[in-house]
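Dear colleague,

I am handing over the structure that we spoke about, with the sequence alongside.

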Amino acid sequence: MANVTYDRKEQFQQVQSGLLDGEQIIAVYDAVGAGTGFIGLTDRRVIIQDRSFIGKRYAITSIPYSKITSVSVVSNKSWGGSFFSTGAIAIHVGTHTYEVEFRGAQKSHHVHNVILHHIS
């Protein structure tokens, strides 16, 4: 796990504590905005911490790559131009869409590319 990218050690450790046998972490990125705490990418699934539950509760949601129908980069500029300081990803699973916003467009591009690699 020497090449794992992460923003916050405690988020990395939370994802690490829930790994399946043989599962490897690719990256764990902190999310900004209401609702989402972080996104973790492993070689088997996407893990999202959802903080939008009432009463200061949150959920850790695991999404197998095989259940993801598409992934989108959400931005206020086109691919042809440069992104502003934040980027967002929309992950489509059936009729539900998870949106995760990051500090920095490079993180959204990395998440997009990892998910696209696993669902293609």
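What follows is a short account of what was found, going from the whole chain to single residues.

Please keep in mind that this is a predicted model. The protein has two helices and eight strands, and from the N terminus on these elements run β-α-β-β-β-β-β-β-β-α. Of its 120 residues, 44% are buried, while the protein exposes about 6800 Å², of which carbon and sulfur atoms supply 50%. Among the contacts with a separation of 6 or more, 32% are between residues 24 or more positions apart.

The salt bridges come next, and there are five of them by the rule used here. Lys107 pairs with Asp7, the closest N and O atoms being 2.9 Å apart; because Lys107 lies in helix 2 and Asp7 in the loop between strand 1 and helix 1, this pair ties together parts that are 100 residues apart in sequence. Lys107 counts as buried, at 16% relative accessibility, whereas Asp7 is partly exposed at 32%.

Arg8 forms a salt bridge with Asp30, with 3.9 Å between the closest N and O atoms, and this pair links the loop between strand 1 and helix 1 to strand 2, the two residues being 22 residues apart. Arg8 is partly exposed, with a relative accessible area of 40%, and Asp30 is buried at 9%. Asp30 also meets Arg103 in a salt bridge of 3.0 Å, N to O, which links strand 2 with strand 8 across 73 residues. Through shared partners, salt bridges join Arg8, Glu10, Asp30 and Arg103 into one network.

As for helix 2, its 15 residues (105–119) should span 21 Å at 1.5 Å a residue, and the end C-alpha atoms are 21 Å apart, which agrees. The buried residues of this helix include His109, Val111, His112, Val114 and Ile115.

Finally, Thr42 belongs to strand 3, residues 36–42, and is buried, with a relative accessible area of 0%. The side chains of Thr42 and Glu23 are joined by a polar contact of 2.6 Å. Beyond its neighbours within four places in sequence, Thr42 is in contact with several residues, among them Leu19, Ile25, Ile47, Tyr65 and His118.

With kind regards

Notes: Residues numbered from 1 in each chain as written. Predicted model: local features only at pLDDT ≥ 70, side-chain atom pairs only at ≥ 80, totals over all residues. Heavy atoms only, no water. Helix = DSSP H or I, 4+ residues; strand = E, 2+ residues; numbered from the N terminus. Buried < 20%, exposed > 50% of the residue type's maximum accessible area, 1.4 Å probe, protein only. Polar contact = N/O pair within 3.5 Å; in protein donor to acceptor, adjacent residues only side chain to side chain. Contact = heavy atoms within 4.5 Å. Expected span 1.5 Å × (residues − 1). Areas by Shrake-Rupley, 256 points an atom, 1.4 Å probe, with all protein chains shown as cover. Salt bridge = Lys/Arg side-chain N within 4 Å of Asp/Glu carboxyl O.
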